[in-house]
Amino acid sequence: MNTLTASTENAYKKRKKRAWKEFKNQKYLYYMSIPFVLWVFVFQYLPLWGWTMSFQKYKPGLSFFEQKWVGLEHFRTLFRDDHFYQVLRNTLAMSFMGLIAGFIVPVVFALLLNEVRVQALKRFVQTVSYLPHFVSWVVAAGIVTKMLSTDGGVVNDILLGLNLIDQPIQFMAQGHLFWGIVTSADIWKETGWNAIIYLAAISGIGPELYEAARVDGASRLKQIWHITLPGIRPTMIVLLIMSIGHLLGTGFEKQFLLGNHLVIDYSEVLDLYALNYGLAMGRYSFGTAINIFNSLISLILLFAANGIFKRFTNESIM
Amino acid sequence: MGVVNRDAPVGRVKQSLQAKAPQDRILEVIVYLSMIVVTILTIYPFLNVLAISFNDSVDTVRGGITIWPRRFTLDNYSLIFTYESLITGFKISFLRTVIGTIAGLISGSMLAYTLARSDFQARKFISIFLAVTMYVTGGLIPGFILMRDLHLIDTFAVYIFPGLVSAFNVFVIRSFIDGLPYALQESAKLDGANDFTIYWRVILPLCKPALATVALFLAVGQWNSWFDTYLFNGSNESLTTLQYELMKILQSTTTSANNSQDAANMAERMTQISPESVKMAITIIVTVPILIVYPFLQKYFVKGMTLGAVKS
């Protein structure tokens, strides 16, 4: 028995020694990674520590230990605020509209583009379709506003020219149009870019499948339905789960830039709410509570989506 | 007999092709029509903006400019160069793009190399540590408080520091390194090279396609961002970026209606009088640098996007 403990102890020592030797051998790898790990810790993880603010009556200038703790007071204020529910409605509405449109449109575009048999044309359309992705939201919002404007906006010009309307529509001044405008702007900007991955997935499908289908007399429409779509299904599911995870993190740039005081009842989203009613008013704790609420919902959605898809399709990202 | 067997399926295929032709022809029409629509929807707004930017600003008010200027002029562009804030903005945007891209490339590739080494002890921990940041973020206000506590507000560094290490970019480069033959590293190691030398001399030169992709992501991100300026440096005229200045100019009609106090601000007042054509000229100036670059990097970023999405 003594020898047994001795031998396990020996083995343990040996393993420890080997790990230490390995550690020393890999010192350059540690030099090359630890600084960046610390960097990520400071800039990405420390803000999470800032979440404690939401349970305090945070006053700038005081140290962490001098802050007054107030428990869930800020969350109670938040949930009692009627304005919050309006903002939450806007956030969810625009997120889900963006999610659904952003899922379907790029797939359809990739399928259509894949059917273009003239290679030069295919390349041209694809290059053109990336263009808006590289433009900032500041520029994109400017362009959208210009195209929808009442004096000289092309959309109103066309609608007037076709006699569909007799007065130009004030697109940017009507709240109930705002969600649709934001979603369309997003589609305009990102469809080509988001189709890249689907096109790559399509090109990975074996040509022998199409060959066999042709021999069996399947039309091109049938080939799309029975070969191409099932072929990119795993890609579609993974991207869908990822975008559900980012659902509420899709930002506020669009809403900030396209919105104005006339449509604020429809344009204000959680992050803007945190910006306007938290940061701008110096209510840091209250604003942080809004940010936390946003992050928690995102995480719950991510895990839920992942779990559901894992169960039904065996595809997951975790 | 062989002849009959060979002919039969071919005959059937021919027949079926002819039988299905109308359906496929409809598909063909839909495909090409939608390509035309997509192209027009994408390009027209840019051509329209371009035409207006070259059109006489007084004439523009009459409306009706499509894709060709009615009264050609370069005045809008020459006027822009008298805007002090835009010149500063251009300098700052250029600087942050160059510095941010180089710094991001070095940090991203170095970290990616260590994560691509399957024998690295901390590999798994660091990968997860990074991946978490793709889904969990502290949010706007904790981020703002952190920048204030680190005394980064009203500094140029606030454009570079927070985004220096991006998990997505690291994963893109790592998947590319994963695809390189390991034998190259082995032989360098036998020659007595340390891990840093292998990274610098062997891996980096081979990574050019992945680095080109990430450089494009970083450069576009840096050039296009305006919100960090708004949040951290908005009141510091010597540190504002081009996008932020454009944002102020484009939003000026709304803000002036929204908040009359803003009119007291000197910069605001200047921008409120910018005519449509001048606004469009600034838009073009801000957009053109990126539009010139991206088509040439297309083959790289298509590959990079695919790699990144598969791995992360």
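**Note on a predicted two-chain model**

1. For chain A, UniProt lists the feature "transmembrane region" (unreviewed entry) at residues 28-46, 92-113, 224-248 and 284-309; UniProt positions are given here in the numbering of this model, feature names are shortened, and such annotations may be inferred rather than shown by experiment. This is a predicted model, in which local features need pLDDT of at least 70 and side-chain atom pairs count only at pLDDT 80 or more, while totals for chains, interfaces and linings use all residues. Residues are numbered from 1 along each chain as its sequence is written, chains are lettered from A and ligands numbered from 1 in the order in which they are written, and side-chain values use heavy atoms, with hydrogens and water left out.

2. Taken as a whole, chain A has 14 helices and 2 strands. Its radius of gyration is 27 Å, well over the 20 Å that the globule rule gives for 318 residues, so chain A is more spread out than a compact globule; the radius is taken over C-alpha atoms, and the rule is 2.2 Å times the number of residues to the power 0.38. Along the principal axes, the C-alpha atoms of chain A fill a box of roughly 95 × 65 × 35 Å.

3. Of the 318 residues of chain A, 49% count as buried, where buried means under 20% relative accessible area, exposed over 50%, and partly exposed in between (1.4 Å probe, protein chains only). One buried residue is Asn156(A), with a relative accessible area of 1%, and its place is in helix H7 (residues 154-161) of chain A. Leaving aside residues up to four places away in sequence, Asn156(A) touches Leu148(A), Ser149(A), Thr150(A), Ile165(A), Pro168(A), Ile169(A) and Phe171(A), a contact being heavy atoms within 4.5 Å.

4. Chain B comes to 15 helices and 0 strands, and buried residues make up 49% of its 312 residues. Among contacts in chain B between residues at least 6 apart in sequence, 69% join residues at least 24 apart.

5. The UniProt record places "transmembrane region" (unreviewed entry) at six stretches of chain B, residues 26-47, 94-113, 125-145, 157-177, 198-220 and 278-297. In the model, residues 125-145 of chain B are 67% helix and 0% strand, with end C-alpha atoms 28 Å apart, whereas residues 198-220 of chain B are 96% helix and 0% strand, with end C-alpha atoms 30 Å apart.

6. Two residues of chain B deserve a look at their backbone. His151(B) has a positive phi of about 55° although it is not a glycine; His151(B) is found in the loop between helix H6 (140-149) and helix H7 (167-178) of chain B, and at 66% relative accessibility it counts as exposed. Asp154(B), which also is not a glycine, has a positive phi of about 65°; Asp154(B) lies in the loop between H6 and H7 of chain B and is partly exposed, with a relative accessible area of 39%.

Methods:
Helices (H or I, at least four residues) and strands (E, at least two) are DSSP runs, numbered from the N terminus.
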